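The sequence and the structure are shown first.

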Amino acid sequence: MLWVGLHFRQLAPATIEAIAAWACQFTPRVSLERPDALLAEVGGSLRYFGGLPALLEALRAGLADLGLEASLATAGTPRAALWLARGSGAVLDALPLEVTRWELDFFRTIGIATLGDLAQLPRAGLARRCPKRVLDELDGARGLREEAREFFALPDRFDVQLELSAEVIQTEALLFAARRLLLQLEGLLAARHAGIRTFTLRLIDARGSGTTVPVNLASPSRETARFVRLLRERLAMLDLREPVHAIRLQAADFAAAPGGSRGLFGDAAGESEDWAQLLERLQARLGRDAVYGVTTIPDHRPEHAWRRIDPGDWDAREFRSPGSRPAWLVQPPRRLEPGRFELVAGPERIECGWWDGDEARRDYFVARLQGALGWIYREEDDWYLHGWFA
């Protein structure tokens with residue numbers, strides 16, 4: 001086995017679980033060492049990442065994106081990796097005893113300062129004068145005793161709060177802070193091979209209240225860049241009335257999001273996904289109700305022959321109109337003066353709607369008026385313009 005120890009500087013204890021969830025994208029065998037360290041068994045991940053140097057580089061790059069500082073060390077045992085990371089060292093025997101976090105008064109009185117010094121002492125004497133934990137952890141670090149570790153269980157939802165270093169009144173600064181939380185979310189989703197369709201960012205003021213910013217996606221995703229684009233659109237429309245002291249990112253209802261493969265003759269799935277992302281950006285900028293699809297439904301009345309649907313929800317049955325229909329309906333129909341138009345085709349009788357209280361009894365014609373072709377109808381003795389042909 002090969003273990004990587006990560007010792008964090010200035011890491012709040014409440015965030016260690018979120019970092020562990022992020023780290024699970026590199027290996028499912030992640031163990032917490034509260035309050036400021038993680039251990040990860042990466043032997044099974046080396047081939048996927050292209051070797052240990054590449055894996056460590058990916059870890060360092062990811063931590064830098066999260067704004068975290070950490071010492072990394074590798075060893076054949078978890079305890080050795082932890083101590084090496086705490087001491088930022090390369091040789092176990094050269095590490096100071098402080099990396100163990102034992103009670104050190106006894107060792108100081110007898111002049112023992114490093115793990116190497118401790119290893120030279122008679123074992124029987126150590127067993128009489130030290131707690132059992134000392135020998136157990138020392139043997140575990142040197143591989144003389146197997147150390148049982150409890151591995152971190154991935155959560156079913158993401159809920160992380162970040163206290164800002166200073167109050168923020170500009171949305172661009174909020175986006176910078178939110179990106180760090182979104183990167184943590186991406187790591188969790190990658191570890192779960194999942195995506196999300198929605199997440200919320202809560203902006204918390206000094207009183208603990210604030211504004212909730214929901215973000216909706218057209219298809220499941222775990223890409224931070226996509227999350228940031230949509231969140232930027234939402235924040236750009238936001239007027240901050242109070243300075244923001246903290247932000248909280250929440251996401252649940254994870255959906256399966258397996259990796260895709262490109263087709264040999266084009267990439268229809270990729271093109272569909274590009275279209276979905278365009279729709280979600282328009283919805284983020286204009287509002288969810290401002291972007292919708294249109295589909296036909298089987299009704300001869302033109303004003304009832306279509307309905308709004310969610311983009312991509314093309315579930316309506318095909319309906320073919322019995323006659324010519326204009327591309328542009330005039331709503332409401334405009335009354336026409338007799339003699340101001342020339343009939344070209346018709347009539348077409350439409351008589352239906354008695355079942356829903358909006359009964360229509362009309363004779364439709366194609367007519368020439370104002371230099372264009374219009375769709376007009378006669379109802380009783382009056383004429384109305386109901387549409388224009390393209």
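## Backbone geometry, pocket and fold

Pro35 is found in the loop between strand 2 (30-33) and strand 3 (37-41). The model is a predicted one, and in it the peptide bond leading from Arg34 to Pro35 is cis, with omega near 5°. Pro332 is placed within strand 12 (residues 328-336).

Most peptide bonds are trans, and most residues other than glycine have a negative phi. Two residues with positive phi also deserve mention. Arg101, which is not a glycine, has phi near 60° and sits in the loop between helix 4 (78-87) and helix 5 (105-109). Its relative accessible area is 40%, so Arg101 is classed as partly exposed, between the limits of 20% and 50%. Asp253, likewise not a glycine, has a phi of about 55° and belongs to the loop between strand 8 (244-251) and strand 9 (255-256). Asp253 counts as exposed because its relative accessibility of 67% is over 50%.

| Site | Angle | Value |
|---|---|---|
| Arg34 to Pro35 | omega | near 5° |
| Arg101 | phi | near 60° |
| Asp253 | phi | about 55° |

The largest pocket holds about 780 Å³ of space. Its lining comprises 33 residues, and Thr15, Gln161, Leu162, Glu163 and Gln184 lie nearest the centre. Helix 1 (16-23), strand 5 (158-168) and helix 9 (171-192) each contribute at least two lining residues. Strand 5 provides the largest share, with 10 residues. By residue class, the lining of the largest pocket consists of 20 nonpolar, six polar and seven charged residues.

Of its 390 residues, 42% count as buried. Among contacts with a separation of 6 or more, 59% link residues 24 or more positions apart. The accessible surface comes to about 22100 Å², and carbon and sulfur atoms account for 50% of that area.

The buried residues of helix 10 are Thr224, Arg226, Phe227, Val228, Leu230, Leu231, Glu233 and Leu235.

Notes: Residues are numbered from 1 along each chain as its sequence is written. This is a predicted model: local features need pLDDT of at least 70, side-chain atom pairs count only at pLDDT 80 or more; totals for chains, interfaces and linings use all residues. Side-chain values use heavy atoms; hydrogens and water are left out. Buried means under 20% relative accessible area, exposed over 50%, partly exposed in between (1.4 Å probe, protein chains only). Contact means heavy atoms within 4.5 Å. Accessible areas come from the Shrake-Rupley method with a 1.4 Å probe; for residues, only the protein chains shown count as cover. Helices (H or I, at least four residues) and strands (E, at least two) are DSSP runs, numbered from the N terminus. On a 1 Å grid over the protein atoms alone, a cavity is a set of points where a 1.4 Å probe fits but cannot get out, and a pocket is an open set with protein on both sides within 12 Å along at least five of seven lines; lining residues have an atom within 4 Å of a point. Grid points are joined across faces, edges and corners, and a volume is the space filled by probe spheres set on the points. Ala, Val, Leu, Ile, Met, Phe, Trp, Tyr, Cys and Pro count as nonpolar, Asp, Glu, Lys and Arg as charged, and the others, Gly among them, as polar.
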